[in-house]
Amino acid sequence: MFKDLLLFEKDRTALEAFGFYLAYLLLLALLGALLGFLFVPYDASMTLAEEFQAGALVGQYFAVVACFALSFFILYKKNRLNSFGLVLIGVLSGICAVFLGGLLGLVPTAYLTTTKKII
């Protein structure tokens, strides 16, 4: 379920795609939290809730870019960039990430891992 997570050209089963989803959801959450911590400067005039909101916004932007980039990297590695329907699914992953971050944005990305590679 969790093997070969860095092999983007692998044709995954549904269970392996679910493992891919879980692993990358955790990775996106950790990286988003780290970027939120690093890019939101300390300001004494801000409350803790305002600082948290600013950090969450940085994480949200990161999730959109990461889901979009990850989808297209998978399509590139599988030589499927010429398939209009799959490219739309890649765009859909970025759009879904706008609404619920990596939680929803990684669903189309995980689906793309199940498509067959063209040699």
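**How the helices meet**

Guide: Happy to. Helix α1 (residues 14–39) and helix α4 (residues 102–112) have axes that come within 9 Å and cross at roughly 145 degrees. This is a predicted model, where local features need pLDDT of at least 70, side-chain atom pairs count only at pLDDT 80 or more, and totals for chains, interfaces and linings use all residues. Residues are numbered from 1 along each chain as its sequence is written, and side-chain values use heavy atoms, with hydrogens and water left out.

Visitor: What makes something a helix here, and how many helices does the protein chain have?

Guide: Helices are DSSP runs of H or I with at least four residues, strands are runs of E with at least two, and both are numbered from the N terminus. On that basis the protein chain has 4 helices and 0 strands, giving the pattern α-α-α-α along the sequence.

Visitor: Which residues of α1 and α4 meet?

Guide: Contact means heavy atoms within 4.5 Å. Among those that meet are Phe20, Tyr24 and Leu28 in α1, and Leu103, Leu106 and Val107 in α4. The residues of that contact divide into 10 nonpolar, 2 polar and no charged. Here Ala, Val, Leu, Ile, Met, Phe, Trp, Tyr, Cys and Pro count as nonpolar, Asp, Glu, Lys and Arg as charged, and the others, Gly among them, as polar.

Visitor: Why is α1 called oblique to α2?

Guide: α1 and helix α2 (residues 48–77) pack at about 140 degrees, with axes 8 Å apart. Angles under 35 degrees count as roughly parallel, over 145 as roughly antiparallel, 65 to 115 as roughly perpendicular, and the rest as oblique. The angle of about 140 degrees belongs to the rest, so α1 is oblique to α2. Phe20, Tyr24 and Leu28 turn up in this contact too, including with partners from a list that holds Phe62 and Leu70 in α2. By class, the contact has 12 nonpolar, 4 polar and no charged residues.

Visitor: How do you know whether Leu22 is buried, exposed or partly exposed?

Guide: Leu22, in helix α1, has a relative accessible area of 33%. Buried means under 20%, exposed over 50%, and partly exposed in between (1.4 Å probe, protein chains only). The 33% falls in between, so Leu22 is partly exposed.

Visitor: What does Leu22 touch?

Guide: Not counting residues up to four places away in sequence, Leu22 touches Met1 and Phe2.

Visitor: And how much of the protein chain is buried?

Guide: Buried residues make up 37% of its 119 residues.

Methods:
Axes are lines fitted to C-alpha atoms, for helices over the stretch in contact, and angles run from 0 to 180 degrees between N-to-C directions.
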